[in-house]
Amino acid sequence: MSEPVTPNGPARRRARMQTWGLIGIALALYGVLRFVFGPLPQDPSYHILVDTRRCGPIPRAGDVLTNLSILAAGVAGLLLRGRMHVEREERAAYAMLVGGMLLTALGSAYYHWAPGDARLVWDRLPMTLVLAALLTFLLADRIDPVFATVALWPVAALGAASVLWWAWTRWQGADDLRLYLIVRIGTGVAIACLLLLRRGRHSGAPWLWAALALDIAMTVAERLDNEIYSMTGMFVSGHNVKHVLAGVLLGCTLAWLLLREPSSPSGNMPQLS
């Protein structure tokens, strides 16, 4: 297959301005909300999860072990790397996606072993890497391929900074989760808008729509932690379901990258070597 065309200077500058414009909007929104409403602390009840069953030496085994679903997606992404339809410019995004999956599985298991704010940092931090990679892939597919190289690191830095800012404000005694929520919710909204409003350069959009639907289902399952646990006769909790759905969501993303085809002959893509 032919090598991708190197993006020209104007396209790169435009993509860089748009990327930093989005980051600026997120920071400005945070500044306004912080000024008007003050800090938004982490709700302590977030750590109170209904499934407290042990499995041998593993406490809260349901929430710990269901992270195997996320781990399986990460391992699949690692093993299938050579078969993915990923352009040269997207290789860093793919590496971040797979690395983020593996670290999210480990970080989430670490958090659920003994839930608390300090451990929650290691759950959320790698998750922001996954979100940054996903958004970068969508920007490259739906707007311009140059976003694959221009947007990845600034978006990832914003996501990581939002978690670290929360951790620092907590240490300072003025716990503020708002920037992280802006990044988390804003990324989901941006991905939904890209799917709705822009046509992709590749086929396989149903896999992305399935991933978006699963993200919504994850939110519902997390909110209904106790109710799902009761409805299933204390077999699985809502948070258990959330982890399983997260693994399926990531699997859908990998399926898109594995099966997608260029929508025009000019969109030929070399596979990862």
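Trainee: Which residue does the side chain of Asp141 meet in a salt bridge?
Mentor: Look for a side-chain nitrogen of Lys or Arg within 4 Å of a carboxyl oxygen of Asp or Glu, since that is what a salt bridge means here. From N to O, the gap to Asp141 is 3.2 Å. The partner is Arg142.

Trainee: Before we go on, where do these values come from?
Mentor: This is a predicted model, where local features need pLDDT of at least 70, side-chain atom pairs count only at pLDDT 80 or more, and totals for chains, interfaces and linings use all residues. Residues are numbered from 1 along each chain as its sequence is written, and side-chain values use heavy atoms, with hydrogens and water left out.

Trainee: Is Arg142 buried or exposed?
Mentor: Go by relative accessible area: under 20% is buried, over 50% is exposed, and in between is partly exposed (1.4 Å probe, protein chains only). Asp141 has 0%, so it is buried. Arg142 has 7%, so it too comes out as buried.

Trainee: How many residues apart are Arg34 and Asp176?
Mentor: Their side chains form a salt bridge with 2.7 Å from N to O. That pair links distant parts of the chain, with Arg34 in helix α1 and Asp176 in the loop between α7 and α8. Helices are DSSP runs of H or I with at least four residues, numbered from the N terminus (strands are E, at least two).

Trainee: Which helix holds Arg170, the salt-bridge partner of Asp117?
Mentor: The closest N and O atoms of Asp117 and Arg170 are 3.2 Å apart. Asp117 counts as buried because its relative accessibility is 17%, while Arg170, at 37%, is partly exposed. The two sit 53 residues apart, with Asp117 in helix α5 and Arg170 in helix α7.

Trainee: And how many salt bridges are there in the whole structure?
Mentor: Side chains of opposite charge can pair when their charged atoms come close. A search of the whole structure turns up a total of 8.

Trainee: How many disulfides does the count come to?
Mentor: The rule asks for a pair of cysteine sulfur atoms within 2.5 Å. Cys55 is partly exposed because its relative accessible area is 41%, and Cys252 is buried because its value is 9%. By this rule the disulfide count is 0.

Trainee: Which helix gives the largest share of the lining of the largest cavity?
Mentor: The lining includes Thr128, Leu131, Val155 and Thr187. Elements giving two or more residues are α5, α7 (152-172) and α8. The largest share is 4 residues, and it comes from α5.

Notes
1 Å grid on protein atoms, 1.4 Å probe; cavity = no way out; pocket = protein on both sides within 12 Å on 5 of 7 lines; lining within 4 Å.
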